[in-house]
Amino acid sequence: MVIDDDPGLLGFTSKYLSRLGYVVAAYRSSDEAWKQFNAPAADYALVVIDLSLPGLSGVELSRMMLSANPEVRLVLTSGYPFDTEKLLEPGPDRMAFLHKPFTPAMLAETVDRLIGTGPNGDAH
């Protein structure tokens, strides 16, 4: 899942992850993303969240997702510095921060480090 209110960044991130073979759901609204995250059949392994979202902030959404799903991994993104310890982070194996602008290679490395497998479940 990718959540960003900037349509250009949302498209870039979603497209790149899709090219890597991941199935991606993209949302511009934190409220819509939260509804889909909690849908009965939802099973998101990783969520890329822009921290500067209107309404329900990326920080609030991150906390809710971590509480709701003990297995989810988060990639937090922002153009501003951010200390992930502000979220009472569960550990570096569950969360990472990417400062915008980030490159496709940086995104791929971060996702691979957090998930530890390729999109088809192949271990790296």
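**Before selecting**

This is a predicted model, in which local features need pLDDT of at least 70 and side-chain atom pairs count only at pLDDT 80 or more, while totals for chains, interfaces and linings use all residues. Residues are numbered from 1 along each chain as its sequence is written, and side-chain values use heavy atoms, with hydrogens and water left out.

**The whole chain**

Display the protein chain as a cartoon: it has four helices and five strands. Helices (H or I, at least four residues) and strands (E, at least two) are DSSP runs, numbered from the N terminus. From the N terminus on, the order of elements is β-α-β-α-β-α-β-β-α. Of the 124 residues, 43% count as buried; buried means under 20% relative accessible area, exposed over 50%, and partly exposed in between, with a 1.4 Å probe and protein chains only. Contact means heavy atoms within 4.5 Å. Among contacts between residues at least 6 apart in sequence, 54% join residues at least 24 apart.

**Helix H3**

Select residues 58-68, which form helix H3. Which residues of H3 are buried? They are Gly-58, Val-59, Leu-61, Ser-62, Met-65 and Leu-66. Seen down the axis of H3, these buried residues fall within an arc of 160 degrees, so they line one face of the helix; the arc is that of the directions from the helix axis to the C-beta atoms.

Keep H2 and H3 in view. Their axes are 11 Å apart, at an angle of about 5 degrees; axes are lines fitted to C-alpha atoms, for helices over the stretch in contact, and angles run from 0 to 180 degrees between N-to-C directions. H2 and H3 are therefore roughly parallel to each other. Angles under 35 degrees count as roughly parallel, over 145 as roughly antiparallel, 65 to 115 as roughly perpendicular and the rest as oblique. Ser-30, Trp-34 and Phe-37 of H2 meet Leu-61, Met-64, Met-65 and Ala-68 of H3.

**The nonpolar cores**

A nonpolar core is a set of buried Ala, Val, Leu, Ile, Met, Phe, Trp, Tyr and Cys residues joined through side-chain atoms within 4.5 Å. Select Met-1, Ile-3, Val-47, Ile-49, Met-65 and Leu-74, the residues with the most contacts inside the largest core, which has 21 residues. H2, E3, H3 and E4 each supply at least two residues of this core, and H3 gives the most, with four. Apart from it lies another core of 13 residues, among them Leu-17, Val-48, Leu-98 and Leu-114.

**Helices H1 and H4**

Select residues 7-19 (H1) and 104-115 (H4), which pack at an angle of about 60 degrees with their axes 11 Å apart. That makes H1 oblique to H4. The contact involves Phe-12, Thr-13, Tyr-16 and Leu-17 of H1 and Pro-104, Ala-105, Leu-107, Ala-108 and Val-111 of H4.

**Two single residues**

Select Ser-14, which lies in H1. Is Ser-14 buried or exposed? Ser-14 is buried, with a relative accessible area of 11%. Not counting residues up to four places away in sequence, Ser-14 touches Val-2, Val-24 and Ala-26.

Finally, select His-99 in strand E5. His-99 is partly exposed, at a relative accessible area of 37%. The C-alpha atoms of His-99 and Pro-81 are separated by 7.1 Å.
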